[in-house]
Amino acid sequence: MLDLLWNGLFNVAQWKYLLPLFAGTFIGVIGGSLPGVTITMTVIVVLPFTYGLDPLAGLAAMTGVYVGGSTGGLIACCLLGIPGSPSSIATTFDGFPMARNGEPGRAIWLGVWASVWGGLLGALFLVFLTGPLAAIALEFGPWEYFSLFVLAMAMVAGLTESSLLKGLISTAIGLLITVVGHDPIGSVPRFTFGSAFIGGGFPFLPVLIGIFAFAQIMTDLEKLNSPRGQAVESLVGVRLERFSHLKVNLEIFKQPFLLAWATIVGLIIGILPAIGGSASSVMAYDQAKKFSKTPDRFGKGHPEGIIASEASNNANVSGSLMTIMAFGIPGDAVTAVMLGAMTIHGIQSGPLFISQNPDIAYGIYAAYILAHPCMLLICIVLMPLMLRVTSVRMAVLAPVVLVLCVVGAYALNNIMQSVYVLLLFGVVGYVLVKLGFPLAPLILGLILGDQIEINLVRAIMTDANPWLFLTRPISGLLLLAAAASVGLAIWQHWRHQNRLTEEEPDF
């Protein structure tokens with residue numbers, strides 16, 4: 001294992017791979033620092049430019065975007081009070097007050113260094129635990145995989161901020177999109193209505209770009225008249241005060257338990273499918289506040305809040321990578337795009353991925369590890385530039401992103417059909433957002449739809465007894481966990497509605 005890791009580090013350190021990694025990390029940091037431009041959107045924009053690269057070079061670039069974007073979000077958090085990316089939302093609670101108190105440099109560099117150390121601690125788990133997890137996954141048959149995918153969709157549908165029903169409907173829409181075209185086993189055309197346009201189904205990437213990036217940009221354009229401009233002007237052009245990086249690191253390592261526990265929280269949340277970085281940072285922040293000797297200082301510029309949020313945020317990346325490499329299911333929307341990239345390059349993720357593709361697997365480990373010093377170097381050298389980037393108006397940014405989205409969709413197969421699909425699902429995504437439907441369940445249904453169908457058919461072809469889904473121990477436990485996840489979500493929504501009812505004044 002260590003020999004393979006060393007070879008992976010030596011491999012990725014070559015310019016052929018290091019340059020895409022560095023470029024991806026740089027783009028990720030910039031994208032993460034821009035409010036409204038999510039990590040997912042940044043990865044989607046970068047993805048088409050990796051088609052002509054070596055598979056490892058392309059995956060290294062996207063790993064760099066993932067790591068860089070996870071850290072870049074804290075810049076807007078600390079300076080504008082606006083999360084640059086959803087996963088950095090908890091950093092806003094203490095980062096912005098600390099910057100307001102005259103210490104923007106301390107706030108930013110506490111977050112950057114906490115991200116570095118949290119990410120590198122997460123790398124230890126990524127390297128040494130992904131293999132054992134994959135070995136467990138080898139015991140899975142089609143029954144277990146079907147149940148695991150059902151659990152993943154139940155979790156993401158149940159954790160939506162809107163109603164559980166809308167989360168389940170969104171998941172169903174994603175599944176329905178996958179049944180258009182030819183079925184994955186018998187190649188029988190379904191729901192094509194004799195149309196050549198949808199005869200081959202809807203290609204994954206244009207649908208993803210349309211639903212996520214296009215719909216998100218259109219939603220953000222509606223908010224141009226929001227008070228964001230006042231917040232931008234408040235700290236634009238700020239100069240970071242002089243300080244010592246050594247002093248910041250000593251402040252972090254004075255609290256080793258906080259750093260380690262926040263890392264573990266982020267790792268566990270990352271491993272669980274579809275929960276995401278925003279949940280991990282908020283949960284780590286909550287844990288830090290509960291264990292803190294000075295909980296009353298949280299929300300007023302407390303360094304412990306920044307350390308916990310950012311360490312958990314980057315450790316979450318390693319957990320998501322473990323899930324995609326060991327089980328072949330995306331831990332979040334970003335790894336869903338990476339899974340699509342692997343498929344485009346002809347790589348099959350899952351339990352056999354590490355044993356069949358050790359060079360690529362350990363290359364991804366190496367890229368994840370090396371992305372952190374790259375990110376740190378970029379932040380140290382280019383922080384003044386990034387401070388200016390946070391003030392770019394959405395009216396200027398949106399057209400650039402939209403053009404890149406269209407170019408990326410067209411580059412998939414060099415046909416206009418992909419652009420039409422992007423526009424179609426851009427409208428669909430925009431309508432769903434306006435109606436309050438969450439998009440994450442839809443994307444997960446789109447990603448896992450074929451695999452759910454394939455494993456369901458394989459299980460029935462192997463043994464027509466449907467009770468095996470319940471009587472096989474692992475499969476039964478996974479389905480029980482899925483039912484529990486939906487039941488818990490129903491209870492939480494019911495309790496939330498009751499609380500709102502009780503708070504309504506009587507007239």
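In the predicted model, Glu 251 lies in helix 11 and touches Arg 106, Leu 110, Pro 303 and Ile 307, with residues up to four places away in sequence not counted. Glu 251 has a relative accessible area of 18% and is therefore buried, the cut-off being under 20%. Gln 255 is found in the loop between helix 11 (245–253) and helix 12 (256–271). At 18% relative accessibility, Gln 255 also counts as buried. Apart from neighbours within four places in sequence, the contacts of Gln 255 are Glu 304 and Ile 307.

Helix 12 packs against helix 14 at an angle of about 35°, and the two axes are 6 Å apart. The crossing of this pair is right-handed. On the side of helix 12, the contact is made by Leu 258, Leu 259, Ala 262, Thr 263, Val 265, Gly 266, Leu 267, Ile 269, Gly 270 and Ile 271. Helix 14 contributes Glu 304, Ile 307, Ala 308, Ala 311, Ser 312, Ala 315, Asn 316, Ser 318, Gly 319, Ser 320, Met 322 and Thr 323. By class, twelve of these residues are nonpolar, nine are polar and one is charged.

The crossing of helix 5 and helix 14 is left-handed. Ala 90, Thr 91, Asp 94, Gly 95 and Met 98 of helix 5 make this contact with Pro 303, Gly 305, Ile 306, Ser 309 and Glu 310 of helix 14. The residues involved divide into four nonpolar, four polar and two charged.

Leu 448 is placed in helix 20 (residues 440–462). With a relative accessible area of 1%, Leu 448 is buried. Beyond its neighbours within four places in sequence, Leu 448 is in contact with Phe 149, Ala 152, Met 153, Ile 329 and Pro 330. The C-alpha atoms of Leu 448 and Val 150 are separated by 9.0 Å, although the two residues are 298 apart along the chain.

Helix 3 (residues 39–46) is mostly covered, with eight of its eight residues buried. These are Ile 39, Thr 40, Met 41, Thr 42, Val 43, Ile 44, Val 45 and Val 46. Cys 374 counts as buried at 9% relative accessibility, and Cys 379 is buried with a relative accessible area of 2%. The structure holds zero disulfides.

Over the protein as a whole, the secondary structure comes to 22 helices and two strands. Of its 507 residues, 54% count as buried. Among contacts between residues at least 6 apart in sequence, 78% join residues at least 24 apart. The protein exposes about 21,800 Å², of which carbon and sulfur atoms supply 68%.

Note on methods
Residues numbered from 1 in each chain as written. Predicted model: local features only at pLDDT ≥ 70, side-chain atom pairs only at ≥ 80, totals over all residues. Heavy atoms only, no water. Helix = DSSP H or I, 4+ residues; strand = E, 2+ residues; numbered from the N terminus. Buried < 20%, exposed > 50% of the residue type's maximum accessible area, 1.4 Å probe, protein only. Contact = heavy atoms within 4.5 Å. Disulfide = S-S within 2.5 Å. Areas by Shrake-Rupley, 256 points an atom, 1.4 Å probe, with all protein chains shown as cover. Left-handed = near helix turned anticlockwise from the far one by under 90°. Nonpolar A, V, L, I, M, F, W, Y, C, P; charged D, E, K, R; others polar. Axes fitted to C-alpha atoms, helices over the stretch in contact; angles between N-to-C directions.
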